[in-house]
Amino acid sequence: MGRLTATAALALLVAILAASGSSAAARPSMTKLEGEIMCPTCHTTLDQSDAAIATRIEAYMRRRIAAGATEKQIKTELVAQFGTAILAAPPKRGFDLLAWALPFAGLLGAAGLIALGVRRWCREEAPEPELEPLRPLDPDSELLVDAALAAFDPQPAPAAGEGRRPTLGPVAPADR
Amino acid sequence: MDEPVTSRRRSTSVLVVVVLAGVLSAFSWAVMHGQRGSTFVGLVANGQAPKAPLFTLPPIWRASATWPSQLRANAAHSKLRLRDLRGYPVVINFWASWCGPCRSEIPRFTAAAARLHGKVAFLGVDIQDVTSDARAFLPRYHVNYVSVRDGSDGTYADYGLTGVPETYFVDARGRVVRHVPGVVSEAQLDQGLRTIGGG
């Protein structure tokens, strides 16, 4: 019982710590924003650019952070001034949602196709007709078959010392 | 037993073809739409005088004293429509406050606007800019004509901009007869103004 209470208290403590941590992170970080906002003239993120407009946008964001604006507010204001292309990642709504949804849709579609293919493959494999048991040939046919097979047999092995030619028959271990 | 399977298979392949065709046409539309600006610039360069792509944008600077008197009221509205400036030659200058070359050519435009007082409407389009920077810029450079703010980059694509500054000379019928990418020289400004009947 005491152990259970201790565990519960620990869980509560962890939850409180996590909550306070996330509320502290609500104050936007300049480094994070610089990686998520594009420089409109150079098509890289701000942290990779020292173009004039990039430094102006950074100055703007610093002013807004100092004035207590949240990350979401700053992003909304920048979109109003530059369009959605200012965001490095497309917003998760409207038409731009497609950019997020399509890769997963593609993945699901591919998985579905593979599953379908596998099922069809398994199904076609199943109804294999049973073969009739083999019967021994009659002696005449056996002779004919032997004669036909003999035509494919390798030439008689050359005399030793005449060099090695590839042979189809098994190679004697002494040969190596 | 066999028939429903075949028809289902066929309708699936029809669906796949339709979806693929849709994706492909959307893609090609996007490509064509993305090229509208360069097409437009090409038409201007060939002397075909295409219509100026229309826009409706909020003014951030309402200094309309140098404008033709019939047009001045347009600058007082919350949105300015390019279409409403028809009937007079218009010089559209795309600029940004952080752009050094823009700063260097502004005195040329302010001088011409004063000289052609009441005859030509000079119109700045502030683009790819921090709005508060732009608002601080305009009085500092004594800009004596109206500026609107494009906060969506829409005109950037429509006009085939490759950067700022760029200047378009629009005649009284709303057709673009000359385009100067980069800083406008005194000679280019005079020539442009003459071709739109303002010189």
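Thr44(A) counts as partly exposed, because 13 C-beta neighbours lie inside 10 Å. A residue is buried only if 20 or more other C-beta atoms lie within 10 Å of its own, and exposed if 12 or fewer do, so a count between these limits gives the middle class. The model is a predicted one. Thr44(A) is found in the loop between α2 (30-36) and α3 (52-66) of chain A. Leaving aside neighbours within four places in sequence, Thr44(A) is in contact with Cys39(A) and Ser49(A). Ala54(A) stands ten residues from Thr44(A) along the chain, and the C-alpha atoms of the two are separated by 9.8 Å.

The loop between α2 and α3 of chain A also holds His43(A). His43(A) has a phi near 60°, a positive value in a residue other than glycine. His43(A) has 9 other C-beta atoms within 10 Å, so this residue is exposed.

Next comes the helix α3(A). Which residues of α3(A) are buried? They are Ile53(A), Ala54(A), Ile57(A) and Met61(A). These residues cover an arc of only 100° around the axis, which puts them on the same side of α3(A). An α-helix has 3.6 residues a turn, so residues three or four places apart point the same way. The cover over the buried residues of α3(A) includes α2 and α4 (71-82) of chain A. On the other side of α3(A), Arg62(A) and Ala66(A) are exposed. Just after α3(A), Gly68(A) takes a positive phi of about 90°.

Further along chain A is helix α6 (residues 139-150). Its twelve residues should span 16 Å at 1.5 Å a residue, and the distance of 16 Å between its end C-alpha atoms agrees. Is α6(A) largely buried or in the open? The number of buried residues among its twelve is zero, so α6(A) lies largely in the open.

Chain B meets chain A through eleven of its own residues, which are in contact with twelve residues of chain A. On the side of chain B that touches chain A, four residues are nonpolar, five are polar and two are charged.

Chain B is divided into domain 1 (2-34) and domain 2 (40-195). The centres of these two domains of chain B, taken over C-alpha atoms, are 45 Å apart. The largest nonpolar core has 65 residues, and those with the most contacts inside it are Ala96(B), Ala121(B), Phe122(B), Leu123(B), Tyr145(B), Val146(B) and Val170(B). What does Tyr145(B) contact, leaving aside its neighbours within four places in sequence? The contacts of Tyr145(B) are Ala63(B), Thr66(B), Trp67(B), Ala113(B), Phe122(B), Leu123(B) and Gly124(B).

Two loops of chain B remain to be described. The loop between α4 (131-140) and β6 (146-150) of chain B contains His142(B). Although His142(B) is not a glycine, it has a positive phi of about 50°. His142(B) is exposed, because it has 10 other C-beta atoms within 10 Å. The loop between α5 (154-158) and β7 (166-170) of chain B contains Pro165(B). The peptide bond from Val164(B) to Pro165(B) is cis, with omega near -5°.

Technical notes
Residues are numbered from 1 along each chain as its sequence is written. Chains are lettered from A and ligands numbered from 1 in the order in which they are written. This is a predicted model: local features need pLDDT of at least 70, side-chain atom pairs count only at pLDDT 80 or more; totals for chains, interfaces and linings use all residues. Two residues are in contact if their C-beta atoms, placed from the backbone, lie within 7 Å. Ala, Val, Leu, Ile, Met, Phe, Trp, Tyr, Cys and Pro count as nonpolar, Asp, Glu, Lys and Arg as charged, and the others, Gly among them, as polar. A nonpolar core is a set of buried Ala, Val, Leu, Ile, Met, Phe, Trp, Tyr and Cys residues joined through C-beta atoms within 7 Å. Helices (H or I, at least four residues) and strands (E, at least two) are DSSP runs, numbered from the N terminus. The expected span of a helix is 1.5 Å times one less than its number of residues. Domain bounds come from an automatic or database domain assignment. The arc is that of the directions from the helix axis to the C-beta atoms.
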